[in-house]
Amino acid sequence: MLRRVLVAQCGVTALVALALWFVSPDLLRSALVGAGISVVGNGYAAWRVFVGSRKEVDSVEVFSLYRAEFGKLVIIGVLCGCAFVAIDGLNFAAFLGGLVSGTLASVVAAATHTVELPKQ
């Protein structure tokens, strides 16, 4: 599942980069920074949720989901702040477009994942 989420994000990032390269190459850097931040944040959350033992109690599993989501939001917030402080000339719209497209790709990849339930 972790691989599925990251492959979806990288695929969408590549499509956004290709489209911006043809349409407006000066916005490409901003979109790639936003998409990269999205990949890092969602990669952390997917790793935290999907690379663990499956012997956890339901309440502990829900806690790990909340912990992963909170960690993702902190990572994305800190990296966004650092990007705007450290990189001059970031275009906000392109940055936000890359960030949102990467995040939506990971949500869609996780939501469309099917799991076979054990037969009882």
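## A walk through the helices

Start by selecting Thr13, which sits in helix H1 (residues 2-23). Helices here are DSSP runs of H or I with at least four residues, strands are E runs of at least two, and both are numbered from the N terminus. Before going on, know that this is a predicted model, where local features need pLDDT of at least 70, side-chain atom pairs count only at pLDDT 80 or more, and totals for chains, interfaces and linings use all residues. Residues are numbered from 1 along each chain as its sequence is written, and side-chain values use heavy atoms, with hydrogens and water left out.

Is Thr13 buried or exposed? Its relative accessibility is 15%, so Thr13 counts as buried (buried is under 20% relative accessible area, exposed over 50%, partly exposed in between, with a 1.4 Å probe and protein chains only). Show what Thr13 touches beyond its neighbours within four places in sequence, and you get Leu32, Ala35 and Val39 (contact means heavy atoms within 4.5 Å).

Next, select Lys72 and Glu69. Their side chains form a salt bridge, 3.3 Å from N to O, and the structure holds one such bridge (a side-chain nitrogen of Lys or Arg within 4 Å of a carboxyl oxygen of Asp or Glu). The two are about one helical turn apart because they lie three residues from each other in helix H3 (residues 58-86). Lys72 counts as buried at 10% relative accessibility, while Glu69 is partly exposed at 35%.

Now for the largest nonpolar core: select Ile37, Ile76, Cys80, Ala83, Leu90, Phe95 and Leu99, seven residues in all. Such a core is a set of buried Ala, Val, Leu, Ile, Met, Phe, Trp, Tyr and Cys residues joined through side-chain atoms within 4.5 Å. H3 and helix H4 (92-111) each supply at least two residues of this core, and H3 has the largest share, with three. Zoom in on Ala83: leaving aside neighbours within four places in sequence, Ala83 contacts Val33, Ile37, Leu90 and Phe95. Apart from this core lies another, of five residues, including Ala17, Leu20, Leu28 and Ala31.

Last stop: the largest pocket. Of its 13 lining residues, Ala45, Ala46, Phe50, Glu69 and Ala110 lie nearest the centre. A pocket is an open set of points on a 1 Å grid over the protein atoms alone, with protein on both sides within 12 Å along at least five of seven lines; lining residues have an atom within 4 Å of a point. Which helix gives the most to the lining of the largest pocket? That is H2, with five residues.

Notes
1 Å grid on protein atoms, 1.4 Å probe; cavity = no way out; pocket = protein on both sides within 12 Å on 5 of 7 lines; lining within 4 Å.
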